[in-house]
Amino acid sequence: MSNIIGPNSTVLFHFTIKLEDGSVADSTQVHGKPARLQMGDGSLTDNFESCLLGLEAGTKKVFELTPDDAFGQVNPDNIHYMERSRFGADLELEEGAILSFTQPNGAEIPGIIRGVAGDSVTVDFNHPLAGQNVTFEVEILSVDDENGA
């Protein structure tokens, strides 16, 4: 069994994602529950996975990532204008609120309310961290290699 992360490894690790101002956007440390990742399963982007490749159990590392390496740039095609009537009458629409929308295929997707003007609601379906530089801090707890390499 190898302690070095390869393309087929299962990794148990803690991570923290920080914004440029130092605020924490996401962290496994908050609840003390590490993340388990099967490399290549699509739960992390290729760029995040490439940060982990070659690291070994016990390693702590910090990566500075640009939007292209992290959550992508803001895509204007992911910003939609919807009629207010599509939302429940009792639903209070506040700028910055995150709502869940059901796609035609039944999958749920989060959308951020960016503005409400009269009967028009602007909803942003970009990742909340799109367009931002982030710091990706990792602590590798254990590495299991499926292939026994």
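Analyst: Phe87 and Phe101 are both buried. Keep in mind that this is a predicted model, and that goes for everything below. The two rings make an edge-to-face aromatic pair, with 6.0 Å from centre to centre and 85° between the planes. Phe87 sits in the loop between S5 and S6 while Phe101 belongs to strand S6, so their pairing ties together parts that lie 14 residues apart in sequence.

These two also turn up in a pocket. Phe87 and Phe101 are among the residues lining the second largest pocket, along with His80, Met82, Arg86, Thr102, Gln103, Pro104, Ile109 and Phe125. Strand S5 (79–83) and strand S6 (98–102) are the elements that give two or more residues to that lining. The space inside comes to about 160 Å³. Sorted by class, the lining has 6 nonpolar, 3 polar and 1 charged residues.

Now for the other rings. The count for the model is 7 aromatic pairs. Another of them is Phe63 with Phe136, a tilted pair at 6.2 Å centre to centre and 35° between the planes. This one links distant parts of the chain: Phe63 is in strand S4 (residues 60–65) and Phe136 in strand S9 (residues 134–145), 73 residues apart. Phe63 and Phe136 are buried too. They also belong to a cluster, in which ring pairs link Phe13, Phe15, Phe48, Phe63, Phe71 and Phe136.

Strands S1 and S3 each put at least two residues into the lining.

S1 and S3 are worth a look together. Strand S1 (residues 9–19) pairs with S3 in the antiparallel sense, over 4 bridges. In that pairing, Thr10 stands opposite Gln38 of S3. Gln38 and Arg36 are on the uncovered face of S3 (residues 35–38), while Ala35 and Leu37 are on the covered one.

With a relative accessible area of 52%, Ser43 counts as exposed, because the cut-off for exposed is over 50%. Its side chain makes a 2.7 Å polar contact with the side chain of Asp41. For a sense of scale, Ser43 and Leu91 are 48 residues apart in sequence and 32 Å apart in space, C-alpha to C-alpha.

The side chain of Thr28 reaches the backbone nitrogen of Phe15 at 3.0 Å. Thr28 is in the loop between strand S2 (24–27) and S3.

Key
Residues numbered from 1 in each chain as written. Predicted model: local features only at pLDDT ≥ 70, side-chain atom pairs only at ≥ 80, totals over all residues. Heavy atoms only, no water. Buried < 20%, exposed > 50% of the residue type's maximum accessible area, 1.4 Å probe, protein only. Pairing = 2+ DSSP bridges. 1 Å grid on protein atoms, 1.4 Å probe; cavity = no way out; pocket = protein on both sides within 12 Å on 5 of 7 lines; lining within 4 Å. Points joined across faces, edges and corners; volume = space filled by probe spheres on them. Nonpolar A, V, L, I, M, F, W, Y, C, P; charged D, E, K, R; others polar. Phe/Tyr/Trp six-rings, centres within 6.5 Å; stacked < 30°, edge-to-face > 60°. Polar contact = N/O pair within 3.5 Å; in protein donor to acceptor, adjacent residues only side chain to side chain.
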